[in-house]
Amino acid sequence: MTATVSEGSHDTSQIPAPEGSVTVTVKILRFNPEVDSEPHWESYDVPALPTDRVLNLLFNIKNYVDGTLAFRRSCAHGICGSDAMQINGVNRLACKVLVKDLLAKEGKKTTITIAPIKGLPTMKDLYVDMEPFFEAYRSVKPYLIAYGNEPTRERIQSPADRERFDDTTKCILCAACTSSCPVYWADGSYFGPAAIVNAHRFIFDSRDEGAEERLDILNDSEGVWRCRTTFNCTDACPRGIQITKAIQEVKRALLFKRV
């Protein structure tokens, strides 16, 4: 769907303007499937403190201007991953982006554009259908696989063995990486970076015995070989995971049959 031209600004005079605030224009890609045939831009002139997060601006718009605005959020502290969206064209968590980092220089007017993440169906406004993303995640068996009798004590692991996959344990399933991937935009059947990252987390876990099963899954035509190493996923990750590196390690494990 192609977005139409902005419909203009809304009356935002009801939003409280704290001392020290500046006015920024928040331009949101709106879409209501019940009334809209395609997405369209709507603008809101919002008072904001430099220390405000983009999520705060969305709350002010929803609470004081338009209660129909739809977006996800939960913890609001960069842990749950619910509020991933495109902010000025880049996938970010709205709760982690500060207004001060988006302000235009030399006192120029600041415009912040906000749109839903790409590659997943938009259900309403900034709210996307995450089921295709989670379907890919589940398909790589993201859990410990161990055969034989249950141990009588916890499975001990050395610090060195833990370090091997420590980076990929940080994933919060926000979909920022997967929805920043051009291959995923073009072909939604690609597993995507997040699924591969979560497979990596168990493939290289010394306590796990399901590496071959996961590698076989990722050796599919829609698996790890679809990665074109554009580094979009690594740049988009709010947790700083070296996603492209993890994908390359999975490729090497397939090539050399060694974990």
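In this predicted model, Lys-118 lies over the face of Trp-185, 4.3 Å from the ring centre.

Phe-59 is partly exposed, because its relative accessibility is 24%. Phe-71 has a relative accessibility of 12%, so this residue counts as buried.

Another pair is formed by Phe-134 and Tyr-137. The ring centres are 6.4 Å apart and the planes stand at 80°, so this pair is edge-to-face. Both residues lie in helix α2 (residues 131–139). They are three residues apart, about one turn of the helix. Phe-134 has 26% relative accessibility and therefore counts as partly exposed. Tyr-137 is buried, because its relative accessible area is 19% and the cut-off for buried is under 20%. Ring pairs link Phe-134 and Tyr-137 with Phe-133 into a cluster.

The cysteines were examined next. A disulfide is a covalent bond between the sulfur atoms of two cysteines. A search of the whole structure finds zero disulfides. For Cys-75, the nearest cysteine sulfur is that of Cys-80, 3.7 Å away. A disulfide requires sulfur atoms within 2.5 Å, so Cys-75 is in no disulfide. Cys-75 is partly exposed, with a relative accessible area of 28%. Cys-174 is likewise in no disulfide. The nearest cysteine sulfur to Cys-174 belongs to Cys-177 and is 6.3 Å away. Cys-174 has a relative accessible area of 8%, so this residue is buried.

The surface carries a nonpolar patch of about 330 Å². Trp-225, Leu-255 and Phe-256 make this patch. Leu-255 is found in helix α8, which spans residues 243–256. Leu-255 counts as exposed, because its relative accessible area is 56% and the cut-off for exposed is over 50%.

Methods: Residues numbered from 1 in each chain as written. Predicted model: local features only at pLDDT ≥ 70, side-chain atom pairs only at ≥ 80, totals over all residues. Heavy atoms only, no water. Patch = residues over 30% accessible without salt bridge, like charges linked within 9 Å, V, L, I, M, F, W, Y side chains within 5 Å. Areas by Shrake-Rupley, 256 points an atom, 1.4 Å probe, with all protein chains shown as cover. Salt bridge = Lys/Arg side-chain N within 4 Å of Asp/Glu carboxyl O. Helix = DSSP H or I, 4+ residues; strand = E, 2+ residues; numbered from the N terminus. Buried < 20%, exposed > 50% of the residue type's maximum accessible area, 1.4 Å probe, protein only. Phe/Tyr/Trp six-rings, centres within 6.5 Å; stacked < 30°, edge-to-face > 60°. Lys NZ or Arg CZ within 6 Å of the ring centre and 35° of its normal.
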